[in-house]
Protein chains: 2
Amino acid sequence: MVDASLQSPHQVVIVGGGFGGLYAAKALRRAPVQVTLVDKRNFHLFQPLLYQVATGALSPADIASPIRAVIGSHKNAKVLLSEVVDIDPKQQKLMLRDEEDINYDTLIVATGVSHHYFGNDQWQGMAPGLKTVEDALEIRRRIFTAFEAAEKEPDPEKRRAWLTFVIVGGGPTGVELAGAIAELAYKTLRDEFQSINTAEAKVLLLEGMERILPPYPPELSAEAEVSLGKLGVTVRTKTMVTDIVDNIVTVRQGENLEKIPARTILWAAGVKASAMGKVLAERTGAKLDRAGRVIVEPDLSVPGHDKIFVIGDLANFTHQNERPLPGIAPVAMQEGEYVAKLIQKRLKGNSLPPFNYIDAGSLAVIGRNAAVVNLNFARFSGFIAWLVWVFVHIYYLVEFDNKLVVMIQWAWNYFTRKSGARLITDTVLQQKIEANHNGNGNVPVDIAIKSQLKVEA
Amino acid sequence: MVDASLQSPHQVVIVGGGFGGLYAAKALRRAPVQVTLVDKRNFHLFQPLLYQVATGALSPADIASPIRAVIGSHKNAKVLLSEVVDIDPKQQKLMLRDEEDINYDTLIVATGVSHHYFGNDQWQGMAPGLKTVEDALEIRRRIFTAFEAAEKEPDPEKRRAWLTFVIVGGGPTGVELAGAIAELAYKTLRDEFQSINTAEAKVLLLEGMERILPPYPPELSAEAEVSLGKLGVTVRTKTMVTDIVDNIVTVRQGENLEKIPARTILWAAGVKASAMGKVLAERTGAKLDRAGRVIVEPDLSVPGHDKIFVIGDLANFTHQNERPLPGIAPVAMQEGEYVAKLIQKRLKGNSLPPFNYIDAGSLAVIGRNAAVVNLNFARFSGFIAWLVWVFVHIYYLVEFDNKLVVMIQWAWNYFTRKSGARLITDTVLQQKIEANHNGNGNVPVDIAIKSQLKVEA
C-alpha cells in the first residue's frame, strides 16, 4: 500500500469565481485538497449592486474584488485566469483556451448565466442586459448620453424619445434599474441642464406577468408598485415586448399593440445558462432545462457523474419544491458550501444528506428609502426594509474585501443626492488603440470575442 | 442708444473642461456674461492622479467630476457636450461636430495636449501614454494581464518579458508610474501568485536627459532616484528609446545599443498640442511651437485676435522666462482666472497688466511615504514631502466635488497595502456589443473615432 502522504492531494477544480465558486473555495480552505479556481475574469463581481454601477452611483471596482486578493492567501488554492472550452469526464480533464489541459478529481462548475432574448438575439444591441461590468458601463454610457443628446435636440418628438427609458422585465434588477433612473431624472440631474427639464423624462417598467416581482408575495409586489409610482416610474404589467427596432419598442397588452419611441431600452427579462451547460450536456448526457441550466441530483452532482457538481445559477435544483431554486446569491453560496462539505465527507468515506436550501428571505430595493423585504416569517416595505437592504448588502460586500469605501460613498450619495460615477467613457476610443496594437499579443482580443460569441450562440 | 439691459449678454465660450477651462468658468460665475463650456467629455478629469487609476489604486470616477455637477448650478453657465471642429474668427463663430454653429464674443481655448511619439506614431499601440480615462484603463489592463500571463508561462525567458515593465520618460508621470508598479510587484501582489515570484519583476524607468525630473533642482532629482531605487525601480538616465517593435524596446545609452524584451511598455515621454492648436494657426495665423502649442501674447490672447485666448497646456507663454511655462495644473488654473478677470475688466472699459504666473512650487510623488517637493524657498523629500503631496492633492481634488471617498480609499490602501481597483476589464467584449448595435444611433461611434484620429494626425 502506498503511503498516503506521498500521494498528490485530491484535486478540486472550480470553474467560475462568482458566489458559488468562491464560497466553495473558502469552505475548502482547510481541507486536505488542492483547489484550482479557473475564471475568465480576474475579479469576483458583486452582481446584486451592478445596477448602481449602471446608474452612476458606484464604480466597478467598488463592487468587484480581485479573486487573487480573496483566496490568494489560501495555502491550498491556486487561481488560473483562463476559459474552459471542453471537458473529458472519462479522463477527468478540462481543456482550457490557449493553456494546457488540467486534471481534476472533483469538478465544480459554477459559470452562471447570461441574458436571454427568447429567440430575439437581434435585440441585444438595442436593449443591453446587465450581467457584466462591461454591460454596466455600456448602460451607464447610454443613460447619460441620452440626457446629453436630449439637451441638444431641438425637435420635441426626438427629444421625448431621448428622455424615454424603457426597462423590460419587472424582477429585482428591473425594479432597481427603474427606481435608480427615476431618481436620476427627477432628483439628481434636475438642476444641471439648461435646455431640458429632466423631470419630463419617462421611465417605463414593463412586466409580462400580472405583477412586478412575481416570486414575491402579492402584497409586496403591490407595495413595490406604489413606491415606484411615487418615484415617477410608470409600471405596466401584463405587457409583452413583441419587437424592438429603430429605437421603437412595440408592446402588447392584451389585444392592444403600442409603439413606444425610446432611445434607451434595458433588458432585465430573462437569463440563459452559460456555455458550460451545453458542454456538460454533450459530454455527460446531463439534461438541460429550457433556459439551458443543468438539472442536478439531490447532492448537486450531474446524473451518472458523481465527481462533477453544478452549483449556482447554472444549476436547476428541483428536489425541494417543484420550482427550481431561484438564481440568487444565497442559493449559490449555500450550494458552494454544501459541495465543499460533501467533498470532505467523501474523502473520509462518509456521506451527507441531500442539499437543502435554507431560505432566509429575499429583498429588493426600489430607491432611496424604499425596499421590499420578505423574511418568510415577516414581510415589510418602506424605510425599514431599505435599512435592512443596506445592512445585508454591506454585510456580504465586505465579506470578501473590506469595501468600507462603498459605505462612505453611499452615505455621501444619500445625503448629497449626488451621483459621482456618471462618466460617459468611450469604449470606442479604445478600439482605435487596440487596432494600432498589432503584433503585441498582450491583448487576447480573439479570445474575448470568441468567448462572447459562444455565450451568445 | 440701445438700452443695455435689452442687449443679449456678452457670450463667453470656453472650449475644454480641464483645469484652465473650469477655473475660467468658475471665476466668471458672478460676471454679467453668458458662459458656454464645450467639452467632448461629460467630466473633468483630475489628471495628476490618473496614474493611480492606471495602477489599480483608484477608480476613474474617484478622480473625475461631472462638468454639469461642477458648474451646472452657475446661473450664467451652460454645458455643451460636443466637439469644436473649426473656428471663424471674422464671424466670431465656432463650428461643432453634428451641432449648429455657436457664436462668441470672447473665446477661451483650453483643449490641452495629447501624447507625442516624436515621429514614431507606430509605437503608440505598443507603448500607450496616460492622458485619458481610457488610457488609464488600458494601462491597468496591461499591467495586471502581464502578471497573469507570467503566472501561466512555463518558458523562463518569455516569463521574464511578461515581468519586465519599461516606463519611457522620467518626468513626474513616469516617476509616479514606475513607483506604483514597483509597489504592486514587490508588495501588493507578492503573496497572491503561486507559480511566479512577483518580486522578480523588473521595473525600468528610462530618461533621455542626464537626470530624472529634469525641471526640478538637481538634489531633488538625486533624492528621487534614491527613493525609486529603494522601491526596486531601475533608473537609467541619458537613455534614448530608438525603437519599439515586437515587445522589444531598443535603447541607446551613449554608444551602446541594447534590446530589452518587455511586454508592458508605457509612454510618459512627450506631449503634443491637441488639434485645436492647428485649427487656430490656420484660421488666425497664430504661431505654434515645436510641440504644436500656440504662442500667446502677454495677456494670453492670440496675436492680432484680442477676443481669442489660449490657456493651459495648449498655450506657450514665454513672457516671464525664456522657457515656456510648464504644462501643469497650477499654470492652467491661474491662466483661467486671469482671462476671466480680464474679460470683466474689458467689459467695464478697463485693462489689466500682463499675466504673471506665481509659482508656488512643484511636487512629485514616488511611492508610499516618499515624494519630492520644491517650494522654491524650501526643498525637501521623503515622508514629509509625501504628506505635503497628499494634502495638496486632496485639497484640489475636493474643490470641485467632495471626493471624501478618495481619502478613505487612500487611507485603506495605505494601511492594508491593498489595491482594490485592479480589474482587468475587456473593452473588446464591448466592441461586440457595439457591432450588434446597428441602426440605433445612440452611440456616436464615428464621432469618437474621428476625433481620436484627428488628435493623432
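1. Let's start with Leu280(A), which sits in helix H8 (residues 275-284) of chain A. The model is a predicted one. Leu280(A) has 24 C-beta neighbours inside 10 Å, so this leucine counts as buried; the cut-off for that label is 20 or more.

2. Who surrounds this residue? Leaving aside residues up to four places away in sequence, Leu280(A) is in contact with Ile87(A), Val109(A), Ala286(A), Val294(A), Val302(A) and Val310(A). Asp86(A) is worth a look too: 194 residues separate Asp86(A) from Leu280(A) in sequence, yet their C-alpha atoms are 8.4 Å apart.

3. Over in chain B, please look at helix H1 (residues 19-27) and helix H9 (residues 329-347), whose axes come within 7 Å and cross at roughly 35°. The crossing of H1(B) and H9(B) is right-handed. On the H1(B) side the contact includes Phe19(B), Tyr23(B) and Ala27(B), while H9(B) contributes residues including Met333(B), Val339(B) and Lys341(B). By class, nine nonpolar, three polar and three charged residues make up this contact of H1(B) with H9(B).

4. Chain B also has an open sheet of three strands, ordered S14-S15-S16, with antiparallel pairing. Strands S14 (239-245) and S16 (256-261) of chain B are at the edges and have a single partner strand each, so each has one side without a neighbour in the sheet. From one strand to the next, the twist averages 25°.

5. One pairing within that sheet, for a closer look: strand S15 (residues 248-253) of chain B joins S16(B) in the antiparallel sense over six bridges. Here Ile248(B) stands opposite Pro261(B) of S16(B).

Conventions:
Residues are numbered from 1 along each chain as its sequence is written. Chains are lettered from A and ligands numbered from 1 in the order in which they are written. This is a predicted model: local features need pLDDT of at least 70, side-chain atom pairs count only at pLDDT 80 or more; totals for chains, interfaces and linings use all residues. Axes are lines fitted to C-alpha atoms, for helices over the stretch in contact, and angles run from 0 to 180 degrees between N-to-C directions. Helices (H or I, at least four residues) and strands (E, at least two) are DSSP runs, numbered from the N terminus. A crossing is left-handed if the near helix is turned anticlockwise from the far one by less than a right angle, and right-handed if clockwise. Two residues are in contact if their C-beta atoms, placed from the backbone, lie within 7 Å. Ala, Val, Leu, Ile, Met, Phe, Trp, Tyr, Cys and Pro count as nonpolar, Asp, Glu, Lys and Arg as charged, and the others, Gly among them, as polar. Two strands pair if DSSP finds at least two bridges between them. A residue is buried if 20 or more other C-beta atoms lie within 10 Å of its own, exposed if 12 or fewer, and partly exposed in between; C-beta atoms are placed from the backbone.
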